[in-house]
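Here is a short briefing for a first look at this structure. Keep the sequence and the 3D view side by side as you read.

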Amino acid sequence: MTNTSPIMVALRDASVLTPDAPAVIGEDGGIVTYAKVMTRLEDITASCAAAGLTSSHRVATLLPDTADTALFQLAVAAHHSLMPLNPSLTDGELAALVQRAHVDLLVADGDSDQARRVAALGDVPVVALADMMARRAPKVASRADGQHDVGLTLLTSGSTGLPKMVRISPEAMLASAHNIIATLSLGPDDRALHALPMFHIGAVVDLLLVPLLSGGSTVVCAGRGPADLSAAVTAHQVTWMQLVPTMLTRCLADCDAATLQRMGRDLDFIRMVSADLSADLQHRAEQAFGTPLIQMYGMTETAGQICSNPRPPAQSRATSVGLVAGPEVAILDAHGGKLPAGREGEVCVRGDTVFDGYEGQDKGEAFFNNWFRTGDLGRFDDDGYLFLTGRKKEMINQGGEKISPLEIERVALSLDGVTEAASYPLAHPTLGEQPGLSVVSHLPADQIMAHLRTNLAHYKLPRTIDIRAALPRLGGGKVDKLALIRAAETETDTAEAETTWTGTALVVAGIWADTLNAKTPGADTDFFDAGGDSLSATTFILAVEKKLGTRLDPNILFNHPTFGGVIAHLPTAATVQSDEAPILGYVRRMMAGWPGSPTLDGGIIRSLGTAGDAQPIFWCGTGSDEGLALQEALGFAHPIYTMLPTARFPGRNDADRALLADTYVAEIAQIAPDGPLVIGGFCDGGRIMELVADRLVAAGREIRCFISGDYWFKRPTAYPVFHIFSRDIRFSAAVFYQRPELAFGLLHPVGANAVNIDSVHHLNAQSLAHIANRLRDVVTGDHQFTPFTSHSVPFADRGTLHHARLRIKTRRFVGAGEQFDVIFDVQNRSALPWGPTSESGISLAVHAFNFDNYPRQYNIGYHDLEQTVMPGQSVTLTLRTTFPDKRLPMLLRCVVTDQGICDFSKSDGGRVNRLVLPKLF
């Protein structure tokens, strides 16, 4: 096997510059030069080839934390699929992983009984590292090409379920290493201390590849205790080391001041990884060492570094994980929308260091389009520093109030004497969840609680504090919070006390109870847990505004969903918006609970999935779920901008519609100032978007397509239209007309298409699922609309055809569901000939109506004109008709119809009504 892997090429280039310089200093103090490193890597590569290993084989390792292990794993990851295993896992766990990961060869320490037991359980060949290097390894079975991908496969730690397998490609490893080198300004004079277990991403990338590629060196530490670290730093003039906060705390506790100062004289900085670093711990450590701490943020899935504080003299920020330092980072909301600086959301990343997805699993919820969802919550400040605020899955939901465990942990750790802290959700009988807290400390619980009360809101306080000698940890070193939850005792006497409200709170409580048809709320009663939704939230807000004579922030309930939260924020939520037009205020309030975020400051258009970079769509829908349905159909690559029509606005008129359209056009111009637009709407939303389209076209904007859901145009469009027809008898043109597509050439001369969905006037994910591919092609422009040839009678003159004399004959009594004939005698009384239906669109139809003029069923009888009917000419046609399956009197509306344009009117002689009675026997 030739050493043409990207890793080997990069290392060879680095070794050529300083072949005799120290590269790796072993745990025994032995120095391995750059030249020797390359020789060892070449030897390992040859030994693997002798065992029959190819790029499609996977090698697992159970090896001690030594320099030999580090170099062996680096060489294997460069050419094969390497999976380092955690020796702390049980035999059964290791055997299950070996089987699930389809390991071909297990390389272990020569004296490893554990490896032999695992191999026996999993029926995988095991070989000692020494035998592997002496080329005494058994030949592995052949693998099909592409069975495994070259690189480093690591296991994510988790408190539940099986560990997930993450493959990091050689290219991602190199990219991450170069990111770290650039961030920390590393060079030949820098020497790292390697004190990480060999199954961590940092063991291969941060503390091996990084020093080697920068021309520096790394020292493999024989132990991980504070004394071991101190001895290695002093003996080998280490310039930087990488620690987790727990080890930093141990160093401060176990080493005397002189030892810490002596270490600090050699160290240029200490890089902090893996867990949150409190501002208090950072301050104490920097004072003790006399050297700066650099907090960073990284994940296995991103090959390590995502963000980092810069190396001095550049400015770091306490409690921040720093500036973006590698992949692209965005803060996204729950629907994939980008959030501005200062807004908290999920930290998402993409770029050349980000993995492609968990092995053996679909990307699923782990990605927004090509953005990996880290599960971490955070926000950027105005200068681009990232602050982590918690874990999405670990957030505590106490009566609708969201509490970050990280916030509680930081406050606990700020107390001198608390060395470790872990907060987690515990069950609560009425509020759902409450905070739990476990700490490692010599302090009494009441002293810790007093400190928490001083620094945390009351609802964030744990009921009790669990003091331990040590926190349980998972194999990867993270705190096992599930073990803490299982060990905690849940209090059962925390039921809500009855609350008596007075004044304004009493008034609002009454409106709350009336809106939800529920009892008077307590302070911790959650509006949405009590049965509320976005519509009832708007009803509640409008009722409070009317009763109190003021305007409220339309988001008050969504930001503060408990009754106590509403009352507490009521004074600041009252706003004066008298200068805002009523229709705009109405739309703003009605959309306050819609998914996504307002796109512009002060704007009313909301956005979903703005992290996507494909063609956006501007959609005016009648419900909050339509945007989500479009997002599911199109995928997170396409931003969705949602709007609301005037349909339910009391007393709406043309002036309201025009103002709303003008507002939407102005916002669209800011959101998408150039490029083709895809717009659309459902029902009355289509009506508003037609006005929007008129204004956009007048401004010179290109409309790639108008997507129309159950909206039928009454005049020609200057853009192509993609119709979505439901089966609703009141609103779908595909129900009104037998052949609505015959009007496409008149209404949409530049092109149109249509699809039918199985829905009664509603767009949801299920109804759009089977047309998702066609919809995506329309949005992206892959669907090509074909212009129609001109009609013999232009749209403006179409009404000249609509003159007829119609006479009918049919039975008076008809059975439910029975077929019968309606005989049409119709004369063309217009001045122009009627062509065949396929050319003119003119046809004959029978509709069934109730006595209250509500349509029961359209087109129960239908007939095309098969030949031209000249002016004054009459034709007689028999329409085979099926009576609705009801024993009710029906009004048959027999009409001459212009397909897709209109039915002829009674005054033009083209409509006759006939009462038909049901047979009783």
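The model is predicted.

**Helices α22 and α23**

- Helix α22 spans residues 654-671, and helix α23 spans residues 684-698.
- The two pack at an angle of about 55°, and their axes are 9 Å apart.
- The crossing of α22 and α23 is right-handed.
- On the α22 side, the contact is made by Asp 654, Arg 657, Ala 658, Leu 660, Ala 661, Asp 662, Tyr 664, Val 665 and Ile 668.
- On the α23 side, Arg 687, Ile 688, Leu 691, Val 692, Arg 695 and Leu 696 take part.
- By class, this contact of α22 with α23 has 10 nonpolar and 5 charged residues, with no polar ones.

**Helices α11 and α12**

- Helix α11 covers residues 257-266 and packs against α12 at an angle of about 85°.
- The axes of α11 and α12 are 7 Å apart.
- The two helices are therefore roughly perpendicular to each other.
- From α11, the contact uses Leu 260, Gln 261, Met 263 and Gly 264.
- From α12, Gln 287, Ala 288 and Phe 289 meet them.
- The contact of α11 with α12 has 4 nonpolar and 3 polar residues, and no charged residues.

**Helices α7 and α8**

- Helix α7 (residues 170-184) packs with helix α8 (residues 201-213) at an angle of about 70°.
- Their axes lie 9 Å apart.
- That angle makes α7 roughly perpendicular to α8, because the class runs from 65 to 115 degrees.
- In α7, the contact residues are Met 173, Leu 174, Ser 176, Ala 177, His 178, Ile 180 and Ile 181.
- In α8, they meet Val 204, Val 205, Asp 206, Leu 209, Val 210 and Leu 213.
- By class, the contact of α7 with α8 has 10 nonpolar, 2 polar and 1 charged residues.

**The cavity**

- The count comes to 1 cavity of 30 Å³ or more.
- The largest cavity has a volume of about 30 Å³.
- Its lining is formed by Thr 249, Ser 278, Leu 281, Arg 284, Leu 413, Val 418 and Thr 419.
- Helix α12 (279-289) and strand β23 (418-428) each supply at least two residues of that lining.
- By class, the lining has 3 nonpolar, 3 polar and 1 charged residues.

**Backbone details**

- Pro 312 and Pro 313 are joined by a cis peptide bond, with omega of about 15°.
- Pro 313 sits in the loop between β14 (304-308) and β15 (323-324).
- Gln 237 is not a glycine, yet its phi is positive, at about 50°.
- Gln 237 lies in the loop between α9 (226-236) and β11 (240-243).

Conventions. Residues are numbered from 1 along each chain as its sequence is written. This is a predicted model: local features need pLDDT of at least 70, side-chain atom pairs count only at pLDDT 80 or more; totals for chains, interfaces and linings use all residues. Side-chain values use heavy atoms; hydrogens and water are left out. On a 1 Å grid over the protein atoms alone, a cavity is a set of points where a 1.4 Å probe fits but cannot get out, and a pocket is an open set with protein on both sides within 12 Å along at least five of seven lines; lining residues have an atom within 4 Å of a point. Grid points are joined across faces, edges and corners, and a volume is the space filled by probe spheres set on the points. Helices (H or I, at least four residues) and strands (E, at least two) are DSSP runs, numbered from the N terminus. Ala, Val, Leu, Ile, Met, Phe, Trp, Tyr, Cys and Pro count as nonpolar, Asp, Glu, Lys and Arg as charged, and the others, Gly among them, as polar. Axes are lines fitted to C-alpha atoms, for helices over the stretch in contact, and angles run from 0 to 180 degrees between N-to-C directions. A crossing is left-handed if the near helix is turned anticlockwise from the far one by less than a right angle, and right-handed if clockwise. Contact means heavy atoms within 4.5 Å. Angles under 35 degrees count as roughly parallel, over 145 as roughly antiparallel, 65 to 115 as roughly perpendicular and the rest as oblique.
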